[in-house]
Amino acid sequence: MTTQPRFPHAATALLLAVLAAASCTRRGGCTGEYCGTLVIAGTSDVTTLLPPVSDAAIDRDVFDQILLRLADLAPGGSTIGDAGFVPQLANRWEWTDPLTLVFHLDPRARWHDGPSVTAADVAFTFAAYTDTAVNSPDRNTLGHIASVSALDSLTAVFHFRDRYPEMFYDAVFHMRILPAHVLGSVPPATWQTAEFGRAPVGDGPFRFVRWTPGQTLELAADSTFFLGRPHLRRLIWRFASDLNTAITQVAAGEADAVEVLITPTNIKRAQDAGHLTLYPYSGSTYTFLRFNLRANGDSAHPHTIFADPDVRRALVLATDRPRMLQSVFAGHAKIPPGPMPQLWAWLWVPQLTVPPFDTAQASRLLSGRGWRDTNGDGVRDRNGKKLSFHLSVPSTSAVRQQYAQLLQEQLKAVGVEVLIDQMETATQQERLHSGAFDTALESWNTDPSPTSSVPGNWGRGGGSNFGHYASATFDRQIAVATSATSPDSVTAAWIAAFGTLAQDAPGIMLFSVDMIAAVDSRVAGVRIRPDSWWALLWTWRIPPDKLNERDRVGG
Amino acid sequence: MLPWLLRRVAAGIAIVFAVVTLTFAAVHLAPGEPFQPADGRPVNRAATERLRHVFGTDRPLPEQYVRYLAALARGELGESFSKRRPVAAMIGNALPNTVLLAATALLIDFALGIAIGVFQAARVRRRSDVALTNITLFFYSLPTFWLGLVLLLVFGQWLHWFPVGGITDPVVYDSLSFAGKLLDRLRHLALPALTLGLVGAGGTARFQRAALLEALGQDYVRTARAKGVAESRVLVRHALRDALLPVISLLGLALPFLLTGAVLVETVFSWPGLGKLAADAISARDYPVVLGTTLLVCAAVVVGSLLADLVTAAADPRIRLSA
């Protein structure tokens, strides 16, 4: 006689009970215009939510929702003068003299914990951003502003030290106005780790709800937002390990938006998902190969290969950039004629051109400088030294690795040996800082203005001028570009500076990616600002007839 | 037994200390700087210097080491460079997730591994045994991250049977009933736990099969058979009890495998555990978090191996813990 085992039946019954109970969710009943929930797939976790101590892009994305500026850059707006800006906390402003800018705050603006936003908050914010103890990365950029004071509760006055084209931009763009009543009692030296950075009080269209480190960050719409109620009710960031995982989440319908796709493979994945709409916008990054003009690891001496501008020019000519662009991006990128992203559209002018691919001219230049293949091994040499160098590339970037291989192949055709060194990003940064490299493939993420990155990256003494490029002409042109008062003269000075750079060839400008965001097709009114992808989220909406069960949850 | 235990505890503390010291040296000597912008933004040298001062990385390495040990003695793991929050709190958030994942994976590993091993031993050299040998070898040879990616693609993105990442559904979780929350967590746990568990089960099955076959050749098994005991009873009651002992010791060895495997699996599935925390911290050169997670994992492995020895000794009267 056999007995039936009881356990499997009990287990099955329990499982069915759990499944039945699980189906009895507390469904929300939110209906109408203000019910949407948008889940954004982020590629890294937030660092801190206290703006003066952060310059990470993901932090900025959240700041855009919870903490306002006095005025913000309009989509496509110029950073020169104030015409390209739209009101935020300040509903108007005026110049009382060439060095004094007065902002009038919108009396309707409120902090999420109740008090009004006042001019004292503005003065407090400037003091915080320029306090050495707070150590804001933006402190130097605010150096032109002598003081900020509160004339009355709704009037803030900025005094500048000198006149220059981006006075207004500096006054409004780098600072998010902070609540003095919350942060005033926090010692500046402790701001790096302050509690506010984990649970901020804001004044923007969305208020902070919670942040579970490494997992999610949630914001809720402020239905009383003075510039208009946001249509989306909840914003949730899901932090993925990398871009691939983020795209998988969006393709699987577990997230609604991802800000970039980058490669043709990712674009196809998003297209194949069927429920996503793709939104192209101008990118804020550019990628280039940097030559180290000083000896590898010894900045006191010139580099035996790259100190010679003719050799650098030859390498630029020997690089078939259109073909590389097609191979890697299938056309979803552009070759910048200078160190500039697509975001600076006003600098993509016909006067700046990309040098043609010309191996014959490259060979002539190299031979003219004494680099010839004397031993028939396929690599040019001079005085017994091979024309061979190392190229450092971060192992985390598949695109740059592809470019490294293509560069290796193309330069081999003109008798140049390229040795690829793959390394972690942190290791590459270390090498760049110590000057222990020959060449490096770098990507730069820029601000809306060239002022903050170009001088530092290519000017003499610039903090990120790792290749030690030095040109008095270039520096002079940059000085004009950052101090001229008319927009036309500013543009002309930048064009001249980039022309000098193209002539001196301290690097090979390779690509600026066409940014493409993927957003669930039920979302309407999608507008993406190139310099700050999610800055206009509060104007996005999910029409009532497109709401799904997840949008209605918790309403 | 007490002297043995004290010696093992002392040795364990020495191992943890050595690992922490080596890790401290390794992370500080590795190229890279904790406070460089990672997303290609201009470097602000003054701000970087100030951060070095605030977090103490501008001091000589021996001084940093002594300060770290002193803080450790006070029970402090320091502040994260990249996330600006206490390391202990970050580990406190991540640890339960890793424990949940590792425990579930361990359950899958041993339940499946032992079952397959027993099944194979009972059908040794038959076609099913050969097939399962190849299958278990296949899974045992798979890199965990690759298996994870395949499961994620097939069951997550293509079939939509399971979520593709995270620990809960951030949109609906709060609105679910208790049972709904439980099911949501199980759905999110399934793929990462299966990834770790299947690879482990491949090894456990092979180990269990070999141990059981050895036990089946013993005299007491032959005696049992000669007395007419049913084959299934011989297998389960007599041979398996003996053959489980080496598998118990395997438990202690499984812990390091699970914790190191978790680094990759947690990254693939965006599972917010210790492994992902450590991997992110290594990329960001977040020394306090790297050291904190290493310390914890090392201590867990030492304690796990000690417990495995104790359990084995308790289960096997032939083992004395006095040597």
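1. Read along the sequence, chain B follows the pattern α-α-α-α-α-α-α-α-α-α-α, and its secondary structure amounts to eleven helices and zero strands, where helices (H or I, at least four residues) and strands (E, at least two) are DSSP runs numbered from the N terminus. This is a predicted model, in which local features need pLDDT of at least 70 and side-chain atom pairs count only at pLDDT 80 or more, while totals for chains, interfaces and linings use all residues. Residues are numbered from 1 along each chain as its sequence is written, chains are lettered from A and ligands numbered from 1 in the order in which they are written, and side-chain values use heavy atoms, with hydrogens and water left out.

2. On the overall form of chain B, the C-alpha trace spans about 85 × 55 × 40 Å along its principal axes. Of the 323 residues of chain B, 47% count as buried, a term that means under 20% relative accessible area, with exposed meaning over 50% and partly exposed in between (1.4 Å probe, protein chains only). Among the contacts in chain B with a separation of 6 or more, 73% come from residues 24 or more positions apart, contact meaning heavy atoms within 4.5 Å.

3. Helix α4 (residues 87-122) of chain B packs with helix α7 (residues 178-216) of chain B at an angle of about 35°, the axes being 5 Å apart. Axes here are lines fitted to C-alpha atoms, for helices over the stretch in contact, and angles run from 0 to 180 degrees between N-to-C directions. The crossing of α4(B) and α7(B) is right-handed, in the sense that the near helix is turned clockwise from the far one by less than a right angle, anticlockwise being left-handed. The residues of this contact divide into 21 nonpolar, eight polar and two charged; Ala, Val, Leu, Ile, Met, Phe, Trp, Tyr, Cys and Pro count as nonpolar, Asp, Glu, Lys and Arg as charged, and the others, Gly among them, as polar.

4. One residue of helix α4 of chain B that can be followed individually is B:Ile116, which counts as buried at 18% relative accessibility. Leaving aside residues up to four places away in sequence, B:Ile116 touches B:Leu132, B:Thr136 and B:Ala205. The C-alpha atoms of B:Ile116 and B:Thr204 are separated by 8.8 Å, although the two residues lie 88 residues apart along the chain.

5. The crossing of α6(B) past α9(B) is right-handed. On the α6(B) side the contact is made by B:Thr144, B:Phe145, B:Gly148, B:Leu149 and B:Leu152, and on the α9(B) side by B:Gly261, B:Leu264, B:Val265 and B:Val268. These contact residues divide into six nonpolar, three polar and no charged.

6. Turning to chain A, an open sheet of six strands has the order β16-β22-β13-β21-β19-β20, with mixed pairing, two strands being paired if DSSP finds at least two bridges between them. The edge strands are β16 and β20 (417-423) of chain A, each of which pairs on one side only. Seven bridges join β13(A) to strand β21 (residues 439-445) of chain A in an antiparallel arrangement, and A:Phe291 has A:Thr439 of β21(A) as its bridge partner. Helix α8 (residues 309-317) of chain A packs on the sheet, touching β13, β19 (388-394) and β22 of chain A, with its direction at about 35° to that of β22(A). Helix α11 (residues 398-412) of chain A also packs on the sheet, touching β13, β19, β20, β21 and β22 of chain A, with its direction at about 165° to that of β19(A).

7. Within this sheet, strand β22 (residues 507-513) of chain A has seven of its seven residues buried, so it is largely enclosed by the rest of the structure. Strand β13 (residues 285-291) of chain A pairs with β22(A) in the antiparallel sense over four bridges, A:Phe288 standing opposite A:Met509. Strand β16 (residues 333-334) of chain A pairs with β22(A) in the antiparallel sense over two bridges, A:Ala333 standing opposite A:Val513.
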